[in-house]
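Dear colleague,

I am passing on the structure we spoke about, and I would be grateful if you could look through it alongside the notes that follow.

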Amino acid sequence: MNRGRRLESLLTFPALLWILFLFIIPSILVITFAFRQSDLYGAILPGWSFDTLSILKQTIYLKLLWRTFWMSLVSAAVVIAISIPVGYTLARLPDRIKNIALFLVIVPFWSSFLIRIFAWKSLLHPEGFMHEILASLHLIDPHTTLL
């Protein structure tokens with residue numbers, strides 16, 4: 001293996017770990033639990049069964065599954081219908097305008113991110129809502145910083 005391939009593999013490894021821990025393993029657990037028996041309290045029992053999947057035959061679940069599928073299909077179509085012309089237009093713009101246009105497309109995502117950051121800061125601040133509740137319940141020391 002040459003040096004370029006080794007470097008590529010090394011750089012790809014963190015993304016593969018991310019996909020493994022946040023997508024593949026949870027997906028396997030969900031599929032596994034779908035075929036396992038459970039009691040009334042939700043505890044997983046030994047043995048395998050199709051009982052969980054037989055519930056999906058009920059009319060209310062079929063309607064829910066269809067609505068979920070339809071909404072995902074429509075939202076994917078809308079996203080594709082908007083993103084392809086925007087991407088094509090951005091690619092064809094002159095270089096002096098391209099960066100400004102791309103910046104204008106990205107800024108709303110940054111503002112959403114910043115709003116979430118400031119919301120967390122206000123909740124976790126030493127005089128914030130969460131800190132006060134956790135301190136009053138004696139779950140944390142009053143001098144503990146959550147940020």
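In what follows, two residues are in contact when heavy atoms of theirs lie within 4.5 Å. On that basis Ser49 touches Ala34, Phe35, Arg36 and Gln37, leaving aside residues up to four places away in sequence. Please keep in mind throughout that this is a predicted model.

Ser49 counts as buried because its relative accessibility is 12%, and the cut-off for buried is under 20%.

As for the chain as a whole, it holds five helices and two strands, and, read along the sequence, these follow the pattern α-β-β-α-α-α-α. The radius of gyration of the chain is 24 Å, whereas a compact globule of 147 residues would have one near 15 Å. Taken along the principal axes, the C-alpha atoms fill a box of roughly 65 × 50 × 45 Å. Buried residues make up 6% of the 147 residues, and, among the contacts in the chain with a separation of 6 or more, 3% are accounted for by residues 24 or more positions apart.

The next point concerns a pair of helices, and two packed helices are described by the angle between their axes and the distance between the axes. The axes of helix α3 (residues 59–92) and helix α4 (residues 95–124) come within 9 Å and cross at roughly 155 degrees. Since angles over 145 degrees count as roughly antiparallel, α3 is therefore roughly antiparallel to α4. The crossing of α3 and α4 is left-handed. On the α3 side the contact is made by Val86, Leu90 and Ala91, and on the α4 side by Lys98, Ala101, Leu102 and Val105. Sorted by class, this contact of α3 with α4 has six nonpolar residues, no polar residues and one charged residue.

Finally, which residue has a positive phi although it is not a glycine? That residue is His138, with a phi of about 60 degrees. Most residues other than glycine have a negative phi. His138 is found in the segment after α5 (129–136), and it counts as exposed because its relative accessible area is 71%, where the cut-off for exposed is over 50%.

Conventions:
Residues numbered from 1 in each chain as written. Predicted model: local features only at pLDDT ≥ 70, side-chain atom pairs only at ≥ 80, totals over all residues. Heavy atoms only, no water. Axes fitted to C-alpha atoms, helices over the stretch in contact; angles between N-to-C directions. Helix = DSSP H or I, 4+ residues; strand = E, 2+ residues; numbered from the N terminus. Parallel < 35°, antiparallel > 145°, perpendicular 65-115°, else oblique. Left-handed = near helix turned anticlockwise from the far one by under 90°. Nonpolar A, V, L, I, M, F, W, Y, C, P; charged D, E, K, R; others polar. Rg over C-alpha atoms; globule rule 2.2 N^0.38 Å. Buried < 20%, exposed > 50% of the residue type's maximum accessible area, 1.4 Å probe, protein only.
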